[in-house]
Amino acid sequence: MPHLQLSPVRAVRGHLLVPGDKSISHRYVLLSALADGRSTIDHLSPGADVAASLGCVEALGARVDRLGPASVHITGQGHGGLRQASGPLACLNSGTTMRLLAGIVAGLPFVSKLTGDDSLSRRPMGRIIDPLTRMGARIESQEGRAPLVIQGGPLRAVTWAPPVASAQIKSAVLLAGLSATGTTVVHEPAATRDHTERAFPLFGLRCDVQGLTVSVAGGQRASAPTGVLTVPGDPSSAAVWAAAAAALPGSSVQFPGVALNPRRLGFLTALTRLGARVTIVTDAEIGGESVGTIAVAFGDRQDTTIGPDEVPDLIDELPVLAAVAAFGRRLEVRGAGELRVKESDRITALVTGLRALGVEAEEFPDGFAIDGTVRQPRGGEADAAGDHRLVMAFTLIALGASGPTGIRGAERVAVSYPAFIADLQRLTP
Ligand code: S3P
């Protein structure tokens with residue numbers, strides 16, 4: 001579907017099992033490769049990003065047996081068992097693969113070359129090059145961008161205060177810290193998703209969390225978990241349908257089995273402030289993560305603002321929140337400059353696409369404003385700029401627009417959500 005054509009619908013209704021969480025899947029894959037023994041992972045994210053992580057660990061010598069589209073055995077031989085890949089480690093479009101893997105290969109005694117597609121090759125890598133270099137890795141880059149050539153080796157612990165709140169930076173440093181001498185400490189400027197910290201104990205690894213400070217002792221060996229690791233549903237995938245329910249009168253959707261990590265649920269607070277009716281029911285703790293059901297129904301139309309303090313908890317959902325606002329609300333987002341260095345420049349590309357679909361949208365250096373009270377989106381043609389989250393946002397506009405909508409580059413949604421169109425059809429019979 002290079003060019004997706006969509007017609008408006010009345011409402012979205014029903015329940016759905018969303019794909020496995022992308023962030024958690026990456027961590028389980030990478031830690032399985034570092035561990036001694038065979039790990040079994042179920043409900044793994046079926047997206048191209050996690051496939052990139054699988055391909056990289058395979059290239060480094062871990063054995064990957066694909067049991068089905070969302071189920072794998074990964075057999076690692078411990079840190080010491082990984083070996084130099086015969087070619088580049090292709091991270092494709094996946095920033096999480098590149099940054100977390102860089103943390104791992106920084107501690108391995110050989111050269112690794114990490115490559116990305118055009119989008120990933122434009123994204124800033126200085127943020128991980130700096131701490132990893134300080135720890136003792138030698139890294140060549142294209143002025144702070146991929147490809148990265150990393151000569152790994154013995155590392156020493158570092159105390160690092162990342163300049164931006166980023167789970168990828170934190171995780172890269174913690175993973176490198178596992179093979180360093182001494183205790184590595186990360187002081188975060190604001191709390192970010194803590195899936196790495198929650199995954200460590202599953203692999204017999206310890207880390208200590210005190211507020212915004214995370215420490216990991218070097219020289220720890222990871223071991224494969226005894227039971228099956230089941231990845232909970234991805235709240236960022238549920239978010240698009242939750243946002244559609246908030247936007248379209250008469251809608252009501254439910255998602256069982258979703259990860260309820262508080263650092264991922266900021267979008268639900270924002271949807272509530274935009275007028276939606278939101279219910280969260282926690283069912284279980286699985287692999288250190290709370291899992292349960294999210295239900296969202298259309299409620300009302302209200303205006304809101306989102307400020308810098310909230311941004312880390314809903315960074316990936318800002319495009320779909322913008323799309324909700326396009327239906328009768330005003331939304332202003334500030335302190336979200338990080339959006340400019342995602343898979344696309346998500347401020348410019350979002351505002352450009354929304355305008356093309358008839359939405360009143362304004363761009364700021366660090367955010368955007370949407371005024372959905374001026375008119376209903378009319379549809380038209382929008383370019384997703386190679387960014388899966390923008391495909392999702394423009395789809396949402398298409399569902400409630402007055403005319404048909406075409407989305408260029410819609411195939412990119414497969415980065416996190418290959419069954420996106422099938423699931424859309426399930427909710428809009
Ligand atoms: C991710 C962290 C976030 C997020 C990305 C996934 C992760 O990026 O936007 O989609 O899995 O750690 P940053 O760490 O760059 O904020």
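Which side chain does arginine 127 meet in a polar contact of 2.8 Å? It's glutamate 338: the two side chains are joined by that contact. Before I go on, a reminder that we're looking at a predicted model.

Let me stay with arginine 127 for a moment. You'll find arginine 127 in helix α5, which covers residues 126–135. Its relative accessibility is 14%, so arginine 127 counts as buried, the cut-off being under 20%. As for neighbours, leaving out anything up to four places away in sequence, arginine 127 touches Arg99, Val164, Ile169, Val341 and, again, Glu338.

Okay, on to the rings. There are 4 aromatic pairs in the structure, and I'll talk through two of them. One is tyrosine 28 with phenylalanine 203, a tilted pair with 6.5 Å centre to centre and 55° between the planes. Tyrosine 28 sits in helix α1, residues 22–34, while phenylalanine 203 is in the loop between α7 (195–199) and β14 (208–210), so this pair ties together parts 175 residues apart in sequence. Tyrosine 28 and phenylalanine 203 are both buried.

Then there's tryptophan 241 with tyrosine 417, and this pair is edge-to-face, at 6.2 Å centre to centre and 75° between the planes. Here the tryptophan 241 side comes from helix α8 (residues 235–247) and tyrosine 417 from the loop between β25 (405–408) and α13 (420–427), so parts 176 residues apart in sequence get tied together. Again, both tryptophan 241 and tyrosine 417 are buried.

Reading along α10, the buried residues are Leu318, Pro319, Val320, Leu321, Ala322, Ala323, Val324 and Ala325.

Last stop, the pocket. How big is the volume of the largest pocket? About 530 Å³. Its lining takes in 36 residues, and Ala167, Arg193, Ile315, Asp316 and Lys342 are the ones nearest the centre. At least two lining residues each come from α1, α3 (95–105) and α6 (167–177). And α1, remember, is the helix that holds tyrosine 28.

That's my tour, over to you.

Terms used:
Residues numbered from 1 in each chain as written. Predicted model: local features only at pLDDT ≥ 70, side-chain atom pairs only at ≥ 80, totals over all residues. Heavy atoms only, no water. Buried < 20%, exposed > 50% of the residue type's maximum accessible area, 1.4 Å probe, protein only. Helix = DSSP H or I, 4+ residues; strand = E, 2+ residues; numbered from the N terminus. Polar contact = N/O pair within 3.5 Å; in protein donor to acceptor, adjacent residues only side chain to side chain. Contact = heavy atoms within 4.5 Å. Phe/Tyr/Trp six-rings, centres within 6.5 Å; stacked < 30°, edge-to-face > 60°. 1 Å grid on protein atoms, 1.4 Å probe; cavity = no way out; pocket = protein on both sides within 12 Å on 5 of 7 lines; lining within 4 Å. Points joined across faces, edges and corners; volume = space filled by probe spheres on them.
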